[in-house]
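Student: I would like a close look at one residue and its setting. Could you take me through a single part of this structure?

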Amino acid sequence: MAQVFHRSANTIARASIIGVVVVVSVLLWAALEVQRSPYATYQNVAQAQPVPFSHQHHVGGDGIDCRYCHTSVENSSFAGIPPTKTCMNCHSQIWTNAPMLEPVRESYRTGQSLIWTRVNDLPDFVYFDHSIHINKGVGCASCHGPVDKMPLTYAANSLQMEWCLNCHRAPEKFLRPRDQVFNMRYEPPSSQNKVKLDDGSVFTDQIALGNELKHRYNIRSIEGITSCSTCHR
Amino acid sequence: MQNQPYYRPLRENDFYADKRSARPIIQGTVARGHLEADTYFYTGKIGSNDGDYMPFPVTAEVMARGQQRFNIYCAPCHSELGDGNGMIVQRGFKHPPSYNTERLRKAPIGYFFDVMTNGFGAMPDYAEQVPPQDRWAIAAYIRALQLSQHATESDVLPGEQIAQQPPPGVNVSPPFDTQGATTAAPAPAKPNAAPANGGEAKP
C-alpha cells in the first residue's frame, strides 16, 4: 500500500502550527494597538466645538491663568467649565461683533448653556479628583499637555489606565513645586535649569526633587496610590 | 459601563428643556453655612457706606493669598503693578484707573471689596469667580500695591537703598517711578509690608 501522506506533510504540519500561533499573535497585537491608538482614544484629536475656542490665544497670548476660568480646580473634583458670563467679562467689550462669538452672545442673551464637547472624558467607572492632584504638585501640563500651544483643544494623553499608572507607580518622575502647578512654561530641573523651593533648597535633578516633594506633600505609598480601590471606588 | 446613568458635573440631561442636570437654585434658598449673617464680611458696607477695616486679621498668609489671587483674576486688566495696563487692556478693553490715583488711594478698603462684588463701570463683578475671603485678601493686597507705588524714602528699611533703575529682568513701563518700592527687592510688595492704612483688623 502506498503511503497516505507525501513526505512533505511533516513540514507542512509544523509550519501550519507555527503559522497559526503567529497569525493569532499578530491579530491580538493589532487589536491591542488599535484600542491604544488615537482612533480609539482620540488622543491628539481636536474636537469640533460650538465656538472654536483657542487656549493658545487666551493662555499663551494673553497670559490668563487657568484658574481665571476653571475656578473650582483647586477645591473640587471638577475643574469647572466657565459660565458664559466669564466669557463676557472681556467679550462684552472686545471682539463684540465677531461672528465667531455669536453663539456666546446668544447664550448670554437667552440664558441657554453653550454645549461643549468633552475633550478629556474619563470613563464613569473611574473616580478622579482634580483638587488632590493640584495640591500634591501635579502640574496641569503633566496631564493636559501644552494647552498654551493648542489653537483647538485636544486630549494630549490617552487617559487609559496604563497611562495613569505611569505616574501612580513613580510619582517622583513628574512632581513639581506647588507654586509651579499652573505655570505652563515650567521646565523640570536639569543641570541647566535649577528649580528652587520655598525654603531655598535647589534641585538640578527631577528624581531628587520628586522624592523630596513626595515626602513634603505626604504623598501616600505606591501601594496606596496603585491600589484598585483608590480609583475604582 | 463607559457612560453610566448618573450625572457628573454639568452633564447633559434630556429631561429638562434647558438640558441642565444641575438645576438652578430656587430663589430664597439658603444653603447650609451660607446664611451670610455677617453683612460686613459679605458686602464691605456699613449701612450704605463702604467700611474701612478688614473683617479678619491681615497676616503674611493673607497677603500672599491676596497677591496670588490678584495676579489670577485682576492682573489681566489691572496689570501686576495695578497701573491698569494689563494685557486685556492692551487688546482693547477700557483702561481702568490706576490704583495710584488720589481717589483710589483715599478710598476705604470696603470700596474695593464692593467693586469686586458688584462690578463698577466696565468692570464686571467677580462674585462668582472669587469667594469673599479671597476678595478681602485681594483688597488688602491692593493696599500694599498702592503703598509700593507711593512710598517715600522714610518707608525704606534702614540699610536698604532705593534703586535708581529697575532690577535686571524687571520691565517697568516708563516713566520709571523712583519713588516706587523698587528697592533692592524686585517684588512689588513684600507680604510682611502688609498692615496698610485701613488694612488692619478691627480690634
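Tutor: This is a predicted model. Chain A exposes about 14,300 Å², and carbon and sulfur atoms supply 60% of that area. Of the 233 residues in chain A, 36% are buried.

The part to look at is I115(A), which lies in the loop between α6 (102–110) and α7 (130–135) of chain A.

Next, the surroundings. Leaving aside residues up to four places away in sequence, I115(A) touches P50(A), E12(B) and K19(B). The list therefore includes residues of chain B as well as one of chain A, where a contact means heavy atoms within 4.5 Å. Q49(A) is 66 residues from I115(A) in sequence, yet their C-alpha atoms are 8.1 Å apart in space.

That pairing can be set beside the contacts of the chain as a whole. Among contacts in chain A between residues at least 6 apart in sequence, 62% join residues at least 24 apart.

Chain A has 12 helices and 2 strands, and from the N terminus on the order is α-α-α-α-α-α-α-α-α-β-β-α-α-α. Along the principal axes, the C-alpha atoms of chain A fill a box of roughly 100 × 50 × 40 Å. The radius of gyration of chain A is 25 Å, whereas a compact globule of 233 residues would have one near 17 Å.

Key: Residues are numbered from 1 along each chain as its sequence is written. Chains are lettered from A and ligands numbered from 1 in the order in which they are written. This is a predicted model: local features need pLDDT of at least 70, side-chain atom pairs count only at pLDDT 80 or more; totals for chains, interfaces and linings use all residues. Side-chain values use heavy atoms; hydrogens and water are left out. Helices (H or I, at least four residues) and strands (E, at least two) are DSSP runs, numbered from the N terminus. The radius of gyration is taken over C-alpha atoms; the globule rule is 2.2 Å times the number of residues to the power 0.38. Buried means under 20% relative accessible area, exposed over 50%, partly exposed in between (1.4 Å probe, protein chains only). Accessible areas come from the Shrake-Rupley method with a 1.4 Å probe; for residues, only the protein chains shown count as cover.
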